[in-house]
Amino acid sequence: RKLQLLNDMVREKELAVQNTSDTLSACRLRSKMLAKQLDHVDMEIEREEEAGNVAAVSRLQAMSSRLCTQLEREKERELSLALTQKQNLAELWQIETERGKYDILCEQLQKDEEELQMQYQEEREVRIWKEKITALQAEGTRRTREKREKEAQRECEERNKKLLEDAKRNHEKAVCFLRQSMARIHEKNAKEEVKAQEHMERRIQAVLSLKTSIASNRERLQTLQILNKAKALEAKKEEMKMREAILAEGGNVIREMSLHKRRQENEKKKEAFKELQKSRKMEIVSRILQEQASIRKQRKSQSPAKAIKPRGKLLNPLLQSREAWQREETCKHADGEISQLYLQNLCSFTKAMALSISLPQDVLWESGDEDTERDKSLLVPEFPGLWSQEYDLHKVPKAEDPTRLALRAMRKQMAEKKLEALPTGILHKQTVPGQRHKGCAFHSKPSCIHFKDFDVGQTYKKKIVLTNTSYSVNYCRLVGISEWLKDFISVHFDPPGKMSSGMSCEFLVTFKPMINEGLEGAVMFMAQTGPFSVPLKCTVKTCILALDKELIDFGSLVVGETISQTISLTNSGALGARFK
């Protein structure tokens, strides 16, 4: 570093000496030129003085004075430059003498550099020799790898040949089985087409019968309209006659007419009240018939000895009328105004309605299938007990004690009051001796309705079981679903009526997604003890990547040893994904 610094200083001083010498020579040249110009001006002055030209003499004198000043300045500059040149030369000589002290070190440095270059050359030759050896080794490994690849390719070709032969044999077998299955499918399709044609013909006949009934109903409506118009005209005429008669008698027409209208309104109200009583009585009888039918279906499904009836079979109208007649005794204590003659007329009316149905048998069979499936899903108990006993709850002896009838009527009225109080939001706390029921009265299985990994446009269905976990009889009805789920979720639920503790019922949830987005909500119910809900969740397809190891531990190794480990990446989701 010191030698480099001295060399730089020498170069700088040499450059400064060179510049100063150049400037000094230029200055000397300018001084010589000024001296020549001054001699020339002096000669011109002498010539003009001899000629007597005063103006030219004064001008030339001014020029000579200016040249004298410039010549003095150049001489001063020359002196300063000469002094500077001497100083630079002295410094240069001093630096060169200083640099001469390090000549031995310079020679040693050159020798060290030559030795270092020789060492680099030897290392380069050794490295080239090692690279040649590694290249030869790599060539050997490449040749062995090529041999292994050729052997593996040969084995793969043989394996592919075997696979192709097996595939051909399997294809021939599959073609044979496919032909047989296609023949069976064609036969089945032909049978289904024949059945569909027959069913279509029956439906066409039903439509034609409906058209004829509609036409007859139109004619009846027209006749009724004409009769109503005629009655209105007669009423107007009678009103005019009454007015004339009242005027002839000298009475108050307005008061008499208002009294007459009030009488007519009272008569209409009485008739409407009678019709309402009749409809209520008919509803009571129909409920009794439905209860007996449900109990029969329960006994039929629970008793293994009885034979199962064919699906969709209709009840005989005569049996319906006989069952209604058997329910007459139980209906008496519910409403004391139902007479025997009215029940006979009602039974005959239901018989006539059942016989006058013009729909084909297949349509009735389909509706019967739906009812039987619904009853199967709701009427089969979860826990066997008193339901399995062969006992008709509606069999009543011919002569009973009036006090029993009154008690039974009171119990039925209380049950009806409970049913009426349920939708209005009147809640009852259920208690048993020593404890009170807490929490939700119904338990759903599963606890959450989860539609997982759905596809847009498909339809998914799930059946949920609700179990009464309270300590006594409870009721349950469907309130609705979350507002944002109504476009995608539909719930089919038939209220089972009163349910004992431990009994269960079912409801069907249908999900038809239109967008590929996750949804969350709930299906809301109302029980006698309060509202409750079943959570509902719909999740889209996702990819869930996971490794079988969290830490790759190779343990203690020896230098030069090679150890490998296998790591498995698993996608447990329903959506595929790329990874790197």
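User: How far apart are the end C-alpha atoms of residues 545-580, and what is the helix and strand content there?
Analyst: The end C-alpha atoms of that span, 545-580, lie 12 Å apart, with 0% helix and 17% strand. Helices (H or I, at least four residues) and strands (E, at least two) are DSSP runs, numbered from the N terminus. This is a predicted model, where local features need pLDDT of at least 70 and side-chain atom pairs count only at pLDDT 80 or more, while totals for chains, interfaces and linings use all residues. Residues are numbered from 1 along each chain as its sequence is written, and side-chain values use heavy atoms, with hydrogens and water left out.

User: Which feature does UniProt place at residues 545-580?
Analyst: The UniProt record, an unreviewed entry, has "domain: CFAP74 second Ig-like" at residues 545-580. UniProt positions are given in the numbering used here, feature names are shortened, and annotations may be inferred rather than shown by experiment.

User: Cysteines next. How many disulfides does the structure hold?
Analyst: The structure holds zero disulfides, a disulfide being a pair of cysteine sulfur atoms within 2.5 Å.

User: Switching to rings. How many aromatic pairs are there?
Analyst: The count is eight aromatic pairs. Rings of Phe, Tyr and Trp (its six-membered ring) pair if their centres lie within 6.5 Å; planes under 30 degrees apart count as stacked, over 60 as edge-to-face and the rest as tilted. One of the pairs is Phe493 with Phe507, edge-to-face at 6.1 Å centre to centre and 85° between the planes.

User: Where do Phe493 and Phe507 lie?
Analyst: Phe493 is in the loop between β7 (489-492) and β8 (504-511), and Phe507 is in strand β8, so the pair ties together parts that are 14 residues apart in sequence. Both Phe493 and Phe507 are buried.

User: What is the geometry of the Phe525 and Phe532 pair?
Analyst: Phe525 and Phe532 are stacked, 5.4 Å centre to centre with 15° between the planes. Phe525 is buried at 1% relative accessible area, and Phe532 is buried at 8%.

User: Which residues form one aromatic cluster with Phe525?
Analyst: Phe442, Phe493, Phe507 and Phe532 form one aromatic cluster with Phe525.

User: Which charged end sits over the ring of Phe451?
Analyst: That is Lys462, whose charged end is 5.5 Å from the ring centre of Phe451. A charge sits over a ring if NZ of Lys or CZ of Arg is within 6 Å of the ring centre and within 35 degrees of the ring normal.

User: Now salt bridges. How many come out of the count?
Analyst: There are 13 salt bridges, each a side-chain nitrogen of Lys or Arg within 4 Å of a carboxyl oxygen of Asp or Glu. Among them, Lys13 and Glu91 meet at 2.2 Å, N to O. Lys13 lies in helix α1 and Glu91 in helix α2 (residues 54-100), so this bridge ties together parts that are 78 residues apart in sequence. Lys13 is partly exposed at 23% relative accessible area, and Glu91 is partly exposed at 32%.

User: How far apart in helix α3 are Arg142 and Glu146?
Analyst: Arg142 and Glu146 are four residues apart in helix α3 (residues 103-249), about one helical turn. Their side chains meet in a salt bridge of 2.5 Å, N to O.

User: Which lysine does Glu506 form a salt bridge with?
Analyst: Glu506 pairs with Lys463, and the closest N and O atoms are 3.8 Å apart. Glu506 is in strand β8 and Lys463 in strand β5 (residues 460-468), 43 residues apart, so the bridge links distant parts of the chain.

User: Which residues do shared partners join into one network?
Analyst: Salt bridges with shared partners join Glu139, Arg142, Arg143 and Glu146.

Technical notes
Buried < 20%, exposed > 50% of the residue type's maximum accessible area, 1.4 Å probe, protein only.
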